[in-house]
Amino acid sequence: MRDKRMTADEVVAELADGMTVGIGGWGSRRKPMALVRAILRSPLRDLTVVSYGGPDVGLLCAAGKVRELVYGFVSLDSIPYDPWFRRARESGELRVRELDEGMLQCGLRAAGHRLPFLPIRAGLGSDVLRVNPDLRTVRSPYDGEEVLAMPPLRLDAALVHLNRADRHGNAQYLGPDPYFDDLFCLAADRRYVSCERIVDTAELTAGGPAQSLLLNRMMVEGVVETPGGAHFTSCVPDYGRDEAFQRRYADAAADPDQWPSFVDQFLSGTETDYQAAVNAARVGA
Amino acid sequence: MSQTASARPAAGYTTDEMMSVAAARALRDGTSCFVGIGLPSTAANLARRTHAPNLVLIYESGCLGAKPDRLPLSIGDGVLADTADAVIGVPEVFNYWLQPGRIDVGFLSAAQLDRFGNINTTVIGDDYADPTVRLPGAGGAPEIAASCREVFVVVRQSRRSFVERVDFVTSVGHGRGPGDRERLGLPGAGPVLVITDLGVLRPDPHTRELVLTDVHPGVEVDAVRAATGWDLTVADDLGRTPEPTERELTALRALTAASA
């Protein structure tokens, strides 16, 4: 079977300016941060980012990578607001397509089903329809009920992070929640999974019930082994969120004077440099 | 080119074995195949044990990439889930894998098949309300026939199974001829290959009628005509299926022995 192992930088090299990129995880949970960091140090730009947003969104906005953002929310969980997202949103530079979680899921489902739309009640009567005038409603041919016809959110690429994967692209989550990572992959043309550890296929099956194998090799183009690749978001049971580091990020993001030194300390080198700097900061704390 | 031991034709084999071998050969390595239980499952597992180790077998019960070491008794057989790359829910199989056209080949069987490759697994008899034989029903076959990129059918050929018009269209093949699939909005190519115990049929690209394109070793065209319920067209360049090799036959017999 095909060996799909690659590096984070090789993944980013397969992306192009202007692409629509879906990012898995949810809030500040199991985000493919090593892949996001690889985008930060690449020349990639003008992305349309689709995300249940966490610090992935903030960091990409900080680096000027995002032209348009499609989201249901952006939050760091334990810290309600991501300062960089807030600044980009309030500056008016960012094009936004603000949905809710249900509509975002429905759009990913429609894309995954390859259907022209899927009906949903969420959003009806809200101002989401006013600010997204391209969204339409449809009447049920059975009882005339009006529902929102959510169009597909087709993605050029999906980036997700799971606990384990094999080299062929079968991938497993070991935490309590799959989030929407399978939907992101099913909605996308090219799918990349980073993971804490690449193991043999047999070890995947032994590591949890069959249902924990969220992704299979038919829905993955590339596999990247990135220990700590979700840091500083959570990746339970391998590790929880690094709350101290998240606080440090949020403080730096909130203060334009502090931000350059944060970038200099953590985001100016490779992923190995990042992990080393995080460890050094932890020891020094 | 001299024949290796494994490529040497086998001495004695049954018509069913020839059918399974011919059906297995049709599957290309590295593709994905939605497998029906019975003859398709035998052929698909034989393919995986011979020339197509990277074939991704998908069973309707939600088993993706199943690698059973024996033939499953049903789509719910535990050997499928135990050996699968992933196990998902049945609704997901239909919504995310079949309907969007992600599967290369749908591999089906049939109780009745007509000259346009339409499949009946519902009822035999003219009166739907009072059928001669009540068959198991559609299952997932209609959506498989609609949405897989291609459909292969493996079925024993006789006048009872190969009819001018099926008594009930359960799964649409080429409808009543050219343009029907397109008119119905069916995304897949429909049945492109029918493998029987006598030979191989393919739809004519213009009329979409099933045409005999190959006969198995030792089978005369007249015998195929006699087992067909319509005026069978025979391809000008009629081919002959190569006999099963020792390797194919050994693998097939090991598979069926393991499943006994």
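A residue counts as buried under 20% relative accessible area, as exposed over 50%, and as partly exposed in between (1.4 Å probe, protein chains only). This is a predicted model, in which local features need pLDDT of at least 70 and side-chain atom pairs count only at pLDDT 80 or more, while totals for chains, interfaces and linings use all residues. Residues are numbered from 1 along each chain as its sequence is written, chains are lettered from A and ligands numbered from 1 in the order in which they are written, and side-chain values use heavy atoms, leaving out hydrogens and water. Over all chains, the structure holds 36 salt bridges (a side-chain nitrogen of Lys or Arg within 4 Å of a carboxyl oxygen of Asp or Glu).

**Chain A**

- Asp134(A) and Arg97(A) form a salt bridge at 3.4 Å, N to O.
- Asp134(A) sits in the loop between α6 (128-131) and β6 (136-139) and Arg97(A) in strand β4 (residues 95-98), so the bridge ties together parts 37 residues apart in sequence. Helices (H or I, at least four residues) and strands (E, at least two) are DSSP runs, numbered from the N terminus.
- Asp134(A) is partly exposed at 47%, whereas Arg97(A) is buried at 15%.
- A salt bridge of 3.1 Å, N to O, joins Asp189(A) to Arg154(A).
- Arg29(A), Asp77(A), Arg241(A) and Glu243(A) are linked in a network of salt bridges.

**Chain B**

- Arg149(B) and Asp104(B) meet in a salt bridge at 2.5 Å, N to O.
- Arg149(B) is partly exposed at 43%, and Asp104(B) is buried at 18%.
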